[in-house]
Amino acid sequence: MAFEGLADKLQETFKKLRGKGKLGEKDIKEAMREVKLALLEADVNFKVVKTFVKNVSEKCVGSEVLESLTPAQQVIKIVNEELTDLMGGSESKINFSSVGPTVIMLVGLQGAGKTTMCGKLALQLRKDKNKKPLLVACDIYRPAAIKQLEVVGKQIDIPVFQKGDKINPVQIAKEGIQYARENGNNVVIIDTAGRLHIDEELMTELKDVKAEVNPSEILLVVDSMTGQDAVNVAETFNEALDISGVILTKLDGDTRGGAALSIRHMTQKPVKFIGVGEKMNDFEVFHPDRMSSRILGMGDVLSLIEKAQEAIDEKEAKELGQKMMENDFTYDDYLTAMDQMKKLGSISKLMEMIPGIPKELKDVDFDAGEKELAKVRSIIYSMTPKERRNPKLIVGSSSRKKRIAKGSGTTLQDVNKLIKGHEVMRKQMKQMKSLTKKSKKGLFGKLPF
């Protein structure tokens, strides 16, 4: 998880402050020293750390904080506000063109993940903004770059425009935009070439493409795991191309997160999106305020709610709830419920969004639980359609259980565990329904209306 080390250290620092009734300037100074060390260890740029600590310290030693009944909370509030401001203040949106297709250039070094990000961005814009994107393959140098973009496009059912590797990228970009106009694509995402390092030839080509297509957005794709190098790359690309924003990749990895806290301050250009996993939908709009809340252990309830609303089919969920209350919850329904939960993403990532989760619980290996769910899915798929619809057929049949265990590559014990769990749940639902009826009767039975 990104920012894990920083989050742990900051939360520990504020825990110490909470233990004190009143705070003096000495307490603030000591806390700020720990905050400074935590930020430096997270690979945040030194200039950024210096400015951040100075701003927070000045606000914290004011009478409003020191004379407050809850000074620790006031300090946390100030740090939260400064962190949010440091990362850009608020969400930075895509600048869509009012005339013709919106052209978005993705630039960056080779290996940062530009091609994959083209697909993720296209998917996000289609899903959230109801756009009709076209991907344009302008990386004619890296072996299989065009093929990779075509594979990505096919995976998410988004068209790819390519002219092979013999035509100039500037011409390809120009023809790609014309193709978009003719085919009703209102967003064009250009996958440009990268290098292992920044050189004059690369920058000249990117400047030429920019001059030809006049993009609404130039988004720099940066690998967040490169730390300080990510900031240096961002500054160089910004000087040459005047980028409009940044996409940070691999923010779910074992990264200290310093790039996300430094880039905005050093380039004055916002982080617009973040890549948080390998799947095509592991891509999020960057919300500075929500990220700050996560770092300080306050959770991210808004993102959690949005994720749930986006992933869960309300009608389907209502029907499942009704079936559970009617004691008619089959194994087919079990699969449907699992699919709904799976859409929310990994349990570990969801835990990061819930406020007040103890560190001990965050350290639990939830991947093990997800592997257990995969095992349950295998067992259910090894049942016949008739068995899935009527769970009672399996309960007393050892031959059916053995067949299911063999078909799913699990043990008889695993099958029995699933059956027992399903039976317990059915009984609990039956009892709940009975209690609900009794409470209604007790409350309303004697009333004259």
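Here a residue counts as exposed when its relative accessible area is over 50%, and as buried when that area is under 20%. All the close-ups below come from a predicted model.

View 1. On one side of H7, Lys147, Lys154 and Gln155 are exposed. The buried residues of this helix are Ala145, Ile146, Leu149, Val152, Gly153 and Ile156. Looking down the axis of H7, you'd find these buried residues within an arc of 125°, so they line one face of the helix. H7 covers residues 145-156, twelve residues in total, and runs 17 Å from its first C-alpha to its last, close to the 16 Å expected at 1.5 Å a residue.

**View 2. Alanine 144, in the loop between strand E2 and H7.** Strand E2 spans 133-137, and alanine 144 sits in the loop between this strand and H7. Is alanine 144 buried or exposed? With a relative accessible area of 55%, alanine 144 is exposed.

**View 3. Aspartate 242, in the loop between helix H10 and strand E6.** Here's another positive phi in a residue other than glycine: for aspartate 242 the angle is near 55°. The loop that holds aspartate 242 lies between H10 (228-241) and E6 (245-249).

View 4. H3 takes in residues 46-60, and its 15 residues should span 21 Å at 1.5 Å a residue; the end C-alpha atoms are 21 Å apart, which agrees. Val48, Val49, Phe52, Val53, Val56 and Cys60 are the buried residues of H3. Seen down the helix axis, they fall within an arc of 120°, so they line one face of H3. Over on the other side, three lysines are exposed: Lys47, Lys50 and Lys54. At the start of H3, a side-chain oxygen of asparagine 45 comes to within 2.9 Å of the backbone nitrogen of lysine 47.

**View 5. A tilted aromatic pair, phenylalanine 161 and tyrosine 179.** A search of the whole structure turns up two aromatic pairs. In the pair shown here, the ring centres of phenylalanine 161 and tyrosine 179 are 5.3 Å apart and the planes meet at 45°, so the pair is tilted. Phenylalanine 161 belongs to strand E3 (residues 160-161) and tyrosine 179 to helix H8 (residues 169-183), so the pair ties together parts that are 18 residues apart in sequence. Phenylalanine 161 counts as buried at 10% relative accessibility, while tyrosine 179, at 32%, counts as partly exposed.

**View 6. A stacked aromatic pair, phenylalanine 273 and phenylalanine 283.** These two rings are stacked, 5.1 Å centre to centre with 15° between the planes. Phenylalanine 273 comes from strand E7 (residues 271-275) and phenylalanine 283 from strand E8 (residues 283-285), so the pair ties together parts that are ten residues apart in sequence. Phenylalanine 273 is buried at a relative accessible area of 4%, and phenylalanine 283 counts as buried at 7%. An unreviewed UniProt entry lists residues 270-283 for "domain: SRP54-type proteins GTP-binding". Across residues 270-283 the chain is 43% strand and 0% helix, with end C-alpha atoms 16 Å apart.

**View 7. Charged side chains over aromatic rings.** Lysine 131 lies over the face of phenylalanine 96, 4.4 Å from the ring centre. Arginine 195 lies over the face of tyrosine 141, at 5.2 Å from the ring centre.

Terms used
Residues are numbered from 1 along each chain as its sequence is written. This is a predicted model: local features need pLDDT of at least 70, side-chain atom pairs count only at pLDDT 80 or more; totals for chains, interfaces and linings use all residues. Side-chain values use heavy atoms; hydrogens and water are left out. Rings of Phe, Tyr and Trp (its six-membered ring) pair if their centres lie within 6.5 Å; planes under 30 degrees apart count as stacked, over 60 as edge-to-face and the rest as tilted. Helices (H or I, at least four residues) and strands (E, at least two) are DSSP runs, numbered from the N terminus. Buried means under 20% relative accessible area, exposed over 50%, partly exposed in between (1.4 Å probe, protein chains only). A charge sits over a ring if NZ of Lys or CZ of Arg is within 6 Å of the ring centre and within 35 degrees of the ring normal. The expected span of a helix is 1.5 Å times one less than its number of residues. The arc is that of the directions from the helix axis to the C-beta atoms. A polar contact is a pair of N or O atoms within 3.5 Å; within protein, one must be able to donate a hydrogen and the other to accept it, and residues adjacent in sequence count only if both atoms are side-chain atoms. UniProt positions are given in the numbering used here, feature names are shortened, and annotations may be inferred rather than shown by experiment.
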